[in-house]
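Here are my notes after a pass through the model. They cover some helix packing and then the cavities.

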Amino acid sequence: MSLLHAVIMAPFLIAAFIPLLRKKNMSRIHPGWFVLWLPVLLFLYFLSHIPAVNEVKSYSAAMLWMPSLDVDFSFYLDGLALLFALLITGMGALVVLYSIYYMDKDKEAVHRFYVFLFLFMGAMLGVVISDNLMVLYGFWELTSISSFLLISFWHMREEARYGALKSMLITVFGGLAMLTGFLMLYVMTGTFSIRGIIVQHGVVFDHPLFVPALVLVLLGAFTKSAQFPFHIWLPDAMEAPTPVSAYLHSATMVKAGIYLVARLTPVFGANGTWFWLLSAVGLFTMIFASFRAIKQHDLKGMLAFSTISQLGLIMSLLGVGSAGGAVAGNSMLYTAATTAAIFHIINHAIFKGSLFMVVGIVDHETGTRDIRKLGGLMSLMPITFTIAVIGAFSMAGIPPFNGFLSKEMFFTGMLNVWSLDIWNVQTFRILFPIIAWIGSVFTFGYSMVLVFKTFTGKFKPDQLEKKPHEAPLGMLISPVILVALAVTIGLYPNFLSHTLIAPAVAAVHPGLLAAGEHFEVHISMWHGWTPEVFMTLGVIVAGVLLYVGYGKFRSIRETWERSFTLNRVYDLGLSGMERSSRRLTDRYMNGSVRRYLMYIFVFLIASLGGTMIATQSFSLNMENYSSVTLYEMVIVAVLAISALSVPFASARIPAIIMTGAVGYMVTLLFVIFRAPDLALTQMIVETVSVTLFLLCFYHLPKLKKEKNSQRFQLTRLMISLGVGVMMTLIALSAGGVKPFASIADYFLDNSYELGGGNNVVNVILVDFRGFDTMLEITVLGIAALSIFSMIRLSLASDHLGVKLSYGKLEPRPVRKRNDVIFKTTSRVTVFLILIYSLFLFLAGHNNPGGGFIGGLMTASSLVLLALAFGKGTMGNIVTVDFRKMIAVGLLIAYLTGLGSLLFNVPFLTHAFDHFHLPILGDVELATAVLFDLGVYLTVVGVTMTIILSIGGDKKSWN
């Protein structure tokens with residue numbers, strides 16, 4: 001594992017240890033102080049890479065995960081990734097510092113807040129540094145999940161839950177579309193590596209899947225970066241605490257789509273579809289959102305729409321800049337638009353982050369964000385007012401602040417479209433600078449409203465929830481640092497030109513350097529009386545007039561809200577889908593388990609039978625089958641008689657016995673076929689299952705035979721026969737045809753050489769297919785905890801020998817037992833079974849056994865103990881929390897898998913060797929035993945959690 005991998009993992013590790021800060025001896029100190037150091041150190045780490053990246057060098061690190069699927073943890077730090085990493089960690093440090101004074105540790109769950117915040121920080125770093133598309137997608141969805149948790153932090157508010165759900169539904173929808181696009185890129189190139197795909201951009205460009213992949217990738221980018229019409233989630237996300245808004249919705253998460261577009265521009269950029277979608281959607285989003293922003297009464301709502309507008313601006317610049325790859329000999333002209341986009345990404349994070357913090361201060365000190373209730377705060381909050389002026393003027397594009405520079409470059413990029421003579425842009429090119437100018441006018445207008453309607457005018461103390469005063473110094477530090485950067489960059493912009501902007505542009509347009517072109521980024525405040533200057537003067541004049549007429553927009557806002565809105569479409573669509581799914585579900589979910597099984601079996605027959613017939617896969621070749629012996633015939637006959645007896649049983653106990661007989665006959669077949677591992681597993685599973693059936697049926701009413709019509713009985717008979725015939729034919733067809741060479745020989749030949757064990761079955765479970773086993777025990781753990789949760793809810797009203805009947809509590813009859821012989825023999829038998837289970841576990845790698853069998857055997861001994869002494873007495877004998885045992889088992893299994901990554905080998909790779917130990921002599925040690933230990937503990941925990949939960953003993957679930 002490289003240092004870069006450790007950097008990505010650091011936020012996740014800190015998030016895991018934050019709950020430990022809840023100890024009493026740390027309760028007096030805000031937990032933010034204990035975690036602030038991490039984003040600061042990460043920021044300094046990425047700063048140290050500026051010299052190397054400035055020389056157009058990159059830093060990469062790879063760690064194998066699933067090489068057969070071309071999925072590995074490969075990270076790549078170039079100019080673009082470095083820029084975003086600095087934004088993520090730098091803004092992260094400032095937001096953590098700000099949150100220390102904003103979040104009250106005595107009134108709010110700040111530990112939970114920082115867990116979610118650092119999960120998001122790690123996910124965002126993973127997105128911008130990953131070179132593998134599948135890993136990028138994993139981190140991408142993790143940003144959606146962590147942002148959902150952050151937006152719903154104040155989950156007691158209905159608005160917070162609504163906003164969190166909306167953001168997750170929309171962004172996850174886009175993420176799934178993006179995943180499909182990534183898979184198409186893999187089909188086209190044969191690799192998930194972003195660098196590998198860029199190298200093959202010529203192959204991608206000519207492929208039939210190029211445009212579909214392009215559209216699907218942009219869907220993911222547009223939903224994450226809140227482009228029209230997917231922007232509707234961002235205003236509702238303002239229900240999150242202000243530090244979250246300042247971090248996620250100004251500097252990081254909403255720019256993930258921007259990053260994706262910039263990163264894949266070398267792949268899709270020279271295409272007209274890419275240009276038109278980015279430019280058109282970006283410009284329309286900009287002007288639409290800026291118009292909506294000026295009509296907002298909530299300060300955070302105004303900043304939300306302004307963020308959408310600014311994201312549209314950046315997206316349109318990337319669209320125009322992508323034309324550089326298609327215009328031979330004049331690509332530098334369009335690279336200016338990409339330079340403006342990169343520069344504005346930095347500037348927007350700075351001024352918007354400071355403005356979000358200002359709004360948080362205003363809300364924190366006055367109790368409201370409603371602009372209609374605010375005014376006259378300038379004299380009471382002079383420092384906050386100064387910060388607001390600098391941030392808003394920078395957003396409005398007024399000199400000498402940084403926003404003015406990137407806004408001028410934005411105008412330059414839109415004016416350059418006039419010289420573009422491809423992709424039928426000639427007809428519409430006049431709209432580019434016009435829309436850019438109109439959007440900038442609204443941007444100027446809402447920037448002025450944000451500042452002067454809040455801090456100037458009439459003071460209205462009677463409408464405020466708190467007596468306003470200046471914020472504490474700690475809350476002012478972060479926004480002061482940001483506005484200081486806004487001024488510094490505005491006056492000295494070129495200290496970023498060569499260190500951050502130029503390397504990032506080179507990463508977006510790697511073909512420039514490959515073609516021998518060298519470009520220098522030079523930014524200055526004054527270029528003479530250019531068209532851009534006159535456009536800026538027009539923006540200021542029109543913006544002032546717009547601010548003066550601000551009051552007239554209230555009536556427009558009311559009219560707008562009564563008309564068609566996308567939010568209404570979303571709400572109606574979501575509620576419509578919920579109603580439709582409920583109606584559909586109610587049609588077949590009628591509470592009858594029998595009918596559910598009939599549905600499943602009918603679908604099974606239709607799908608498998610239809611597939612087999614369509615592919616002509618039925619084939620009965622009996623030549624390779626061995627002869628049937630007398631023993632097998634007897635066992636199968638007993639098995640068939642037992643199975644046929646179950647439906648005719650008059651009570652549940654005989655039915656359970658017959659079902660158990662079927663299982664034990666299968667065990668005998670495994671013995672005859674010389675499969676000791678399967679025989680042991682089947683035997684123990686059957687024993688535990690019979691016990692489980694007895695416990696389940698104990699809670700059910702007396703068995704009653706229902707009288708059904710002959711038609712219904714005939715239907716069940718036909719379905720039963722259909723399933724049996726279908727599975728028999730499939731089994732015979734599969735056994736009679738061998739289209740591929742058997743993999744059994746590979747396992748037999750390599751079991752010891754590669755896995756270090758002679759027991760092929762166990763080596764397959766813990767080594768060759770250990771990933772399957774890990775997922776299986778994870779599912780088992782989830783199932784056991786789900787059963788525990790459901791039964792606990794039921795036993796909350798029905799426990800300790802009392803059952804709920806027609807709303808009244810009635811005592812359950814308790815029978816006294818005096819099983820002296822059973823109790824006496826079980827004391828010895830339990831220890832014998834436990835010793836044997838440990839033998840099976842330890843010997844399983846080379847002999848029949850293993851963690852799964854050993855765990856089942858241990859659980860069967862504990863079940864015997866519970867049956868002999870009762871679950872209550874057992875709770876005093878075996879003081880083990882089996883739910884925690886599940887967690888410990890899964891943790892050991894996962895840590896064993898992750899341990900292999902430390903040695904730069906794929907996940908769950910095992911090692912073994914021979915060691916000479918005192919007394920024991922030559923001993924073979926394999927790391928697979930540790931994984932098997934996790935399986936063993938998980939199986940014991942799962943089995944006993946289910947048994948004790950169904951038993952209903954209070955000590956098992958309290």
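1. Start with α6 and α14, where α6 passes α14 in a left-handed crossing (the near helix is turned anticlockwise from the far one by less than a right angle; clockwise would be right-handed). Helices here are DSSP runs of H or I with at least four residues, numbered from the N terminus. Keep in mind that this is a predicted model: local features need pLDDT of at least 70, side-chain atom pairs count only at pLDDT 80 or more, and totals for chains, interfaces and linings use all residues. Residues are numbered from 1 along each chain as its sequence is written, and side-chain values use heavy atoms, without hydrogens and water.

2. The angle between α6 (residues 110–129) and α14 is about 15°, and their axes are 10 Å apart (axes are lines fitted to C-alpha atoms over the stretch in contact, with angles from 0 to 180 degrees between N-to-C directions). The two are therefore roughly parallel, a label for angles under 35 degrees.

3. Who touches whom? On the α6 side M124, V127, V128 and I129 meet A256, Y259 and R263 of α14, contact being heavy atoms within 4.5 Å. That set divides into six nonpolar residues, no polar and one charged (Ala, Val, Leu, Ile, Met, Phe, Trp, Tyr, Cys and Pro count as nonpolar, Asp, Glu, Lys and Arg as charged, the others, Gly among them, as polar).

4. α14 (residues 256–268) also packs with α8 (residues 158–189), at about 30° and with axes 14 Å apart. That makes α8 roughly parallel to α14, and this crossing is left-handed. M178, F182 and L185 of α8 meet L260, L264, V267 and F268 of α14; the contact has seven nonpolar residues, no polar and no charged.

5. Now the cavities: there are three of 30 Å³ or more. A cavity is a set of points on a 1 Å grid over the protein atoms alone where a 1.4 Å probe fits but cannot get out, and lining residues have an atom within 4 Å of a point. Points are joined across faces, edges and corners, and volume is the space filled by probe spheres set on them.

6. The largest cavity comes to about 80 Å³. Its lining includes M286, H344 and K407, and divides into four nonpolar, five polar and one charged.

7. The second largest cavity holds about 50 Å³. The largest share of its lining, four residues, comes from α17. Overall the lining has eight nonpolar residues, one polar and no charged.

Methods: Parallel < 35°, antiparallel > 145°, perpendicular 65-115°, else oblique. 1 Å grid on protein atoms, 1.4 Å probe; cavity = no way out; pocket = protein on both sides within 12 Å on 5 of 7 lines; lining within 4 Å.
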